[in-house]
Amino acid sequence: MTMDILEKLNILENESRKLDPEPMLRNHWRKSVSDYSDSFLDNIGQIKAYVVSEDRGRDIYNTPIGEPKTIEALLDVLAYNVDRPGLNPASGGHLAYIPGGGLFPSALGDYLADVFNRYAGMFFGSPGAVRMENQLIHWLCSQMGYPDTASGNLSSGGSIANMTAICTARDAKNLQAANFSKIVIYSTAQVHHCVHKSINMVGLREAVKRKVPMDSDFRMDPIALKRQIHSDIASGLKPFMVIASAGTTDVGAVDPLDAIADICAELDLWLHVDAAYGGFFIMTEEVKSLFKGIERSDSLVIDPHKGLFLPYGTGAVLVRNGQKLFESQHMMASYLQDAYFDVEEVSPADLSPELTKHFRGLRLWLPLQLYGVETFRAALSEKIWLTRYFYEEIQKIEGFEVGPYPQLSVMTYRYVPESGDANAFNARLVEEVRNDGRVFLSSTMIEGVFYIRLAVLSFRTHLSTIQTCLQVLQEKSALLAKGFN
Ligand SMILES: *Cc1c(COP(=O)(O)O)cnc(C)c1O
C-alpha cells in the first residue's frame, strides 16, 4: 500500500516538476519573449494603429489547448492572431476612446510581481507590498488634495473603482433597500456609462436618476442642479449623491467642481467625482485650476492606465474619509483569523471587494520611481498642447468645423459636406481612416450629430503623430468629398 503511494507520487512528481522549468529552458523562453517584444517596440513607429483583416484572429482556434507546444510556435500564433488584427493600443497613433500606451517599466513590474507572486492583499502576508500600495494611494491622494485621513484602493480599472465608490457612498449614507426608489442621484447626460452600471450593481437600479442640464461646453450647470435638488426634496424624494465628471469621455468636460461641492456641503449630499480620464491633468500648470474643488469631494476615481500611461489593468478609487471605505468593505472570516496578527497598516483586502489579487502596485511604482514625477507632468502638458494644436490646425483644412475648445486632451470635430448627409459622410470618413491605419480615431453622437473625436493621451503621441493625423484627415475627406453625392 505504502509502496503503491510512493511509486505513484514518484511518477506524478516527475510530470508535475515540469511546471518549474530548468534554468536553460527558462532562459530560452524568456529570451524568446523578450526578442519578440523588442522587435515590436523597435518598430512601434512603423506599426499601424489599426489593422483591418478578413480573418480577425480566427486561426487562434487552430491551436487547440491540449498537447504541449514550443514557445516559437506559440509566439507565431500570438503574432498573427492577437498582436496583428484590430487596434494597436501601444501605438502613438491610437487617438480614439481614451488611450494610454502601456509604459515598458510596468511590464517589468508585472514580470517581477508574477515571478515573486507576493500577496499584496493583506499586511500579514506581504507587509512591504501592502506598504508600497499604501504609499501609492497616499501619493494619489496628495495629488488630488485629499487629507491624510483619506484612503483608497488600486483596482483593475475605472469601472470597478466607480462601483466601489458608489457602494461606499450607499453605506456611508446608510441607505435602506426599502427606500431605494426615493433615492436621487444627479449627474449629466455625459457621465460615463460605467457609472450607470455601477449604480445597478450596488443595487440602486430603482433610484431616481436626474440628468442635470449642461452649459454649451457640456459642464454641469450648478444652478440647475440646486434647483432640481430643492424640487426633489419638496416632492418627498431623498437626494443622495452627485456624480460629477472631471473629464468626460466624449469631450473632456470638467464639471464646475467647487460650485457643486458647495451645493453638496449645504444640502448634505455625497459628492463623487469620476476623474478616470482627466484626473491626472491636475498635475499640469495649464489646467490645474479646472480641478479646484475636487479636494472637497467625498470620493473620486482616477485611472493610471489612462493618465499615467500604464498598460490596461490599473484604476484607483480614493475616499476622502478613508474610514468609510473600510467600513463598507472590511469583513472577517474564521480562516483569516491569523492574518490580523500585529497589523500596522490597513490592507487592500479591507478596502475593496477583492481578496486574492494581482500585486498591481509594482507596475505603477516602478515607472513613477524610475522616471520621477516631472516626466509625467511634462508628458501630460504635451498632450494638452497637442490637442490645442490640432484644434487650430483642423480648422485650416477646408470643410472641417470643431466642437468646444478642448478643456483637456479630448475634442470633437466633423467635416461638413457641401450637400448630403453630414452624419453619413463623417461615418465614412472614420471608416476610411481606420482602413488606412496610420492613426485610429473614434466617433460619438452628440444631440443627434455625428462627431469625430480626438483623444490624445498615449505617451507615444507627439507632434509628428498629430501632423500625420491631420494629413490623413485631409486626404480622406478630400477623396470622399469628390465621390460624395
Ligand atoms: C475610461 C473611463 C471610465 C471607465 O474606466 P475603465 O478603466 O475603462 O473601467 C469611467 N469614466 C470615465 C470618464 C472614463 O473615461
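Me: What does Lys 306 do at the ligand, in terms of distance to an oxygen atom?
Reply: In this predicted model, a polar atom in the side chain of Lys 306 is placed 2.9 Å from an oxygen atom of the ligand.

Me: And how much of the ligand's accessible area does the protein cover?
Reply: On its own the ligand has 380 Å² of accessible area, and the protein covers 85% of that.

Me: How many residues surround the ligand, and which are the closest?
Reply: The ligand is surrounded by 15 residues. The closest are Gly 158, Ser 159, Asp 274, Asp 303 and Lys 306.

Me: How far is the side chain of Ser 159 from an oxygen atom of the ligand?
Reply: An N or O atom in the Ser 159 side chain lies 2.6 Å from a ligand oxygen atom. Thr 249 also has a polar side-chain atom placed 3.1 Å from an oxygen atom of the ligand.

Me: Changing topic: how many salt bridges are there?
Reply: The count comes to 28 salt bridges. One of them pairs Arg 17 with Glu 13, with 2.8 Å between the closest N and O atoms.

Me: Is Arg 17 buried or exposed, and why?
Reply: Arg 17 counts as exposed because its relative accessibility is 56%, and the cut-off for exposed is over 50%.

Me: What about Arg 219, which residue does it meet in a salt bridge?
Reply: The side chain of Arg 219 meets that of Asp 217, at 3.4 Å from N to O. Arg 219 is partly exposed at 24% relative accessible area, and Asp 217 is partly exposed at 25%.

Me: Where do Arg 428 and Glu 432 lie?
Reply: Both are in helix α14, which spans residues 422–436. They are 4 residues apart, about one turn of the helix, and their side chains form a salt bridge of 3.6 Å, N to O. Arg 428 is partly exposed at 37% relative accessibility, and Glu 432 is partly exposed at 23%.

Me: Which residues do salt bridges with shared partners join into one network?
Reply: That network consists of Asp 258, Asp 262, Lys 292 and Arg 296.

Me: One more topic: which residues form the nonpolar patch on the surface with Ile 5?
Reply: Ile 5 is grouped there with Met 3, Leu 6, Leu 9 and Leu 12. Together these residues have about 490 Å² of accessible area.

Me: Which helix is Ile 5 found in?
Reply: Ile 5 belongs to helix α1, residues 2–16. At 43% relative accessibility, Ile 5 counts as partly exposed.

How values were computed
Residues numbered from 1 in each chain as written. Predicted model: local features only at pLDDT ≥ 70, side-chain atom pairs only at ≥ 80, totals over all residues. Heavy atoms only, no water. Salt bridge = Lys/Arg side-chain N within 4 Å of Asp/Glu carboxyl O. Buried < 20%, exposed > 50% of the residue type's maximum accessible area, 1.4 Å probe, protein only. Helix = DSSP H or I, 4+ residues; strand = E, 2+ residues; numbered from the N terminus. Patch = residues over 30% accessible without salt bridge, like charges linked within 9 Å, V, L, I, M, F, W, Y side chains within 5 Å. Areas by Shrake-Rupley, 256 points an atom, 1.4 Å probe, with all protein chains shown as cover. Near = heavy atom within 4 Å. Polar contact = N/O pair within 3.5 Å; in protein donor to acceptor, adjacent residues only side chain to side chain.
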